[in-house]
Amino acid sequence: MRIACVQVCARNDVKENVADTVAWIRQAALGGAQLIALPEAVDYLDADFQRTRDYARAPSEHFALAAYRAAALDLSCWILVGSITTRDADGELVNRSMLISPQGDVVCHYDKIHLFDALPGSSSFTESKLYKRGARAQLWDGPWGRLGFSICYDVRFPQLYRALAQAGANLIAVPAAFMKITGEAHWHTLLRARAIETGCYVIAPAQCGHHYGERYSFGHSLIVDPWGEILADGGLEPGIVMADIDPARVDWARTSIPSLGQDRSFDVAVGV
């Protein structure tokens with residue numbers, strides 16, 4: 001199965017963001033991609049939290065989501081919307097990933113569990129001041145096998161990925177808007193580690209470039225195989241990368257290193 005990652009530089013003009021993204025989706029579909037993955041915050045990025053709150057809509061009223069659903073139906077492909085800013089059933093803001101079928105239906109969603117509350121260098125972004133935290137890991141069975149969901153900062157919490165793999169995931173998505181400073185230090189290493197630890201393919205569509213003020217994203221959308229080999233790297237500019245995945249590669253990696261079934265309980269002691 002051929003998978004594509006779309007790499008974009010979203011800002012606070014949702015119509016421009018959507019038009020750019022749909023153009024890349026179309027190009028990926030023409031290149032034979034059956035599952036097309038978009039980055040985190042693919043619809044909208046703004047330094048102003050109040051403008052972001054004003055922008056957020058319920059899924060049924062969401063301009064960007066409607067456009068991505070129409071693209072999936074028109075091109076007869078699966079689209080993983082890395083995340084959009086939307087509202088849950090209680091009206092609270094969530095950073096939500098959604099999977100759209102070739103029929104244009106939203107078949108599954110995941111709300112980001114680990115919100116980015118960090119101070120890397122001179123940049124800071126306290127995501128929990130804007131979004132409600134998710135509380136449930138999520139998987140979906142598709143033609144590629146079982147897909148595990150995650151978003152960006154989740155990648156620093158390996159227990160989530162181990163749980164997804166032990167629940168049967170053979171493909172894990174890590175859509176991101178990874179900051180440039182932390183991306184340069186950790187992005188490739190973290191994603192390769194998550195693939196190696198789980199024996200899963202990892203697909204990581206990413207934001208790139210300058211969004212506003214001091215906010216820069218690292219880019220380098222990646223597709224990583226279950227042995228930690230990088231199959232595709234999106235570099236620094238908007239565009240698409242594609243790779244073919246083979247479920248047999250997952251079986252081979254997990255047979256070679258069968259660590260998913262070798263957990264042991266233990267105590268933790270301090271001192272002698």
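Helix α4, which covers residues 158–166, packs against helix α5, residues 180–198, at an angle of about 35° and with the two axes 9 Å apart. The contact between the two helices is made by Pro-158, Tyr-161, Arg-162 and Ala-165 on the α4 side and by Arg-194, Glu-197 and Thr-198 on the α5 side, and the crossing is right-handed. All of this is read from a predicted model. The points below turn to the nonpolar cores, the aromatic pairs and the surroundings of one glutamate.

**Nonpolar cores**

- The largest nonpolar core has 47 residues, and Leu-35, Leu-99, Trp-187 and Ile-203 are the ones with the most contacts inside it.
- Leu-99, when its neighbours within four places in sequence are left aside, is in contact with a set of residues that includes Leu-35, Trp-78, Ile-79, Leu-80, Val-106, Val-107, Trp-140, Trp-144, Leu-147 and Phe-149, and Asp-105 is also one of its contacts.
- As general background, nonpolar side chains tend to be buried together in soluble globular proteins.

**Aromatic pairs**

- The structure holds six aromatic pairs, and in one of them the rings of Tyr-153 and Phe-157 have their centres 5.4 Å apart with their planes at 80°, so this pair is edge-to-face.
- Tyr-153 has a relative accessible area of 17% and is therefore buried, since the cut-off is under 20%, whereas Phe-157, at 22% relative accessibility, counts as partly exposed.
- Phe-178 and Trp-187 form a tilted aromatic pair, with 4.9 Å from centre to centre and 50° between the planes, and both of these residues are buried.
- Tyr-153 and Phe-157 also belong to a cluster, in which ring pairs link them with Phe-116.

**Glu-40 and its surroundings**

- Glu-40 lies in the loop that runs between strand β2 (35–37) and helix α2 (49–55), and at 5% relative accessibility this residue counts as buried.
- The side chain of Glu-40 makes a polar contact, at 2.9 Å, with the side chain of Lys-112.
- Not counting residues up to four places away in sequence, Glu-40 touches Lys-112 as well as Gly-82, Ser-83, Asn-95, Glu-127, Ile-151, Cys-152, Pro-175, Ala-176, Ala-177 and Gln-207.

Terms used. Residues numbered from 1 in each chain as written. Predicted model: local features only at pLDDT ≥ 70, side-chain atom pairs only at ≥ 80, totals over all residues. Heavy atoms only, no water. Phe/Tyr/Trp six-rings, centres within 6.5 Å; stacked < 30°, edge-to-face > 60°. Buried < 20%, exposed > 50% of the residue type's maximum accessible area, 1.4 Å probe, protein only. Helix = DSSP H or I, 4+ residues; strand = E, 2+ residues; numbered from the N terminus. Polar contact = N/O pair within 3.5 Å; in protein donor to acceptor, adjacent residues only side chain to side chain. Contact = heavy atoms within 4.5 Å. Core = buried A, V, L, I, M, F, W, Y, C linked by side-chain atoms within 4.5 Å. Axes fitted to C-alpha atoms, helices over the stretch in contact; angles between N-to-C directions. Left-handed = near helix turned anticlockwise from the far one by under 90°.
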